[in-house]
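The following note concerns aromatic contacts and strand pairing. Please read it alongside the sequence and the coordinates.

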Amino acid sequence: MNRVYLLTGGNLGDRLIHVTRAKEAIVAKTGTLLKASSIYETAPWGIFEQPAFFNQVLLLETSMCANELLKQILLIEEEMGRVRNVKFGPRFIDIDILFFNEDIINNEHLTVPHAEIQNRRFVLAPMNELAPDYNHPILKKTISTLLEDCKDKLEVKVWTDV
């Protein structure tokens with residue numbers, strides 16, 4: 001079995017419903033949910049003139065290989081109305097593979113670990129909640145160290161209005 005960290009997020013429509021439905025679809029179609037972070041409300045990254053995001057990190061156990069998992073994730077996004085028009089633009093849902101075991105994958109369809117983890121507080125904060133001592137297989141630093149060193153100062157806070 002493979003242990004995978006995924007990031008879900010979205011900033012259009014009912015953000016809570018979209019993140020919740022994504023989690024349910026991921027579990028139904030890909031594997032077993034082991035842990036889920038709190039939901040975080042995060043400032044938009046890349047394009048700042050858009051609504052705030054909801055983000056959540058999931059720890060999943062799956063028998064799928066990384067490329068099979070990616071195919072399922074892309075189908076879930078499509079079924080939930082994801083349209084890829086503008087890079088970093090608003091979206092109903094986005095699902096990223098952050099880590100797949102401790103594997104390093106770099107092919108035309110997939111890069112794992114996700115290339116920008118260390119630069120994005122909205123990824124590191126929920127990841128730190130689940131696995132502060134997880135060691136990044138390329139950077140050889142723990143998630144808590146990466147969060148401490150992160151230069152991204154955009155607002156990331158636990159959403160408490162659940």
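How many of the residues of strand β4 (residues 53-62) are buried? The points below begin with the basis of the model and then take up this strand.

1. The model is predicted: local features need pLDDT of at least 70, side-chain atom pairs count only at pLDDT 80 or more, and totals for chains, interfaces and linings use all residues. Residues are numbered from 1 along each chain as its sequence is written, and side-chain values use heavy atoms, with hydrogens and water left out.

2. Strand β4 is mostly covered, with 9 of its 10 residues buried. Buried means under 20% relative accessible area, exposed over 50%, and partly exposed in between (1.4 Å probe, protein chains only). Helices (H or I, at least four residues) and strands (E, at least two) are DSSP runs, numbered from the N terminus.

3. Strand β4 is joined to β1 by 9 bridges, and the two run antiparallel; L6 has L58 as its bridge partner in β4. Two strands pair if DSSP finds at least two bridges between them.

4. Strand β2 (residues 32-36) also runs antiparallel to β4, with 4 bridges between them; here L33 is partnered by L60. Strand β3 (residues 40-42) is antiparallel to β4 as well, through 3 bridges, and T42 stands opposite F53.

5. There are 4 aromatic pairs in the structure. Rings of Phe, Tyr and Trp (its six-membered ring) pair if their centres lie within 6.5 Å; planes under 30 degrees apart count as stacked, over 60 as edge-to-face and the rest as tilted. The pair of Y5 and Y134 is edge-to-face, because the ring centres are 5.3 Å apart and the planes are at 70°. Y5 belongs to strand β1 (residues 2-10), while Y134 lies in the loop between α3 (121-130) and α4 (143-149), 129 residues apart.

6. F99 and Y134 form a tilted pair, since their ring centres are 4.5 Å apart and their planes are at 50°. F99 lies in strand β5 (residues 94-100), so its pair with Y134 ties together parts 35 residues apart in sequence. Y5, F99 and Y134 form one aromatic cluster. Y5 is buried, F99 is buried at 1% relative accessible area, and Y134 counts as buried at 12%.

7. Two arginines also sit over rings. R15 lies over the face of F54, 3.9 Å from the ring centre, and the charged end of R120 sits over the ring of W45, 4.0 Å from its centre. The criterion is NZ of Lys or CZ of Arg within 6 Å of the ring centre and within 35 degrees of the ring normal.
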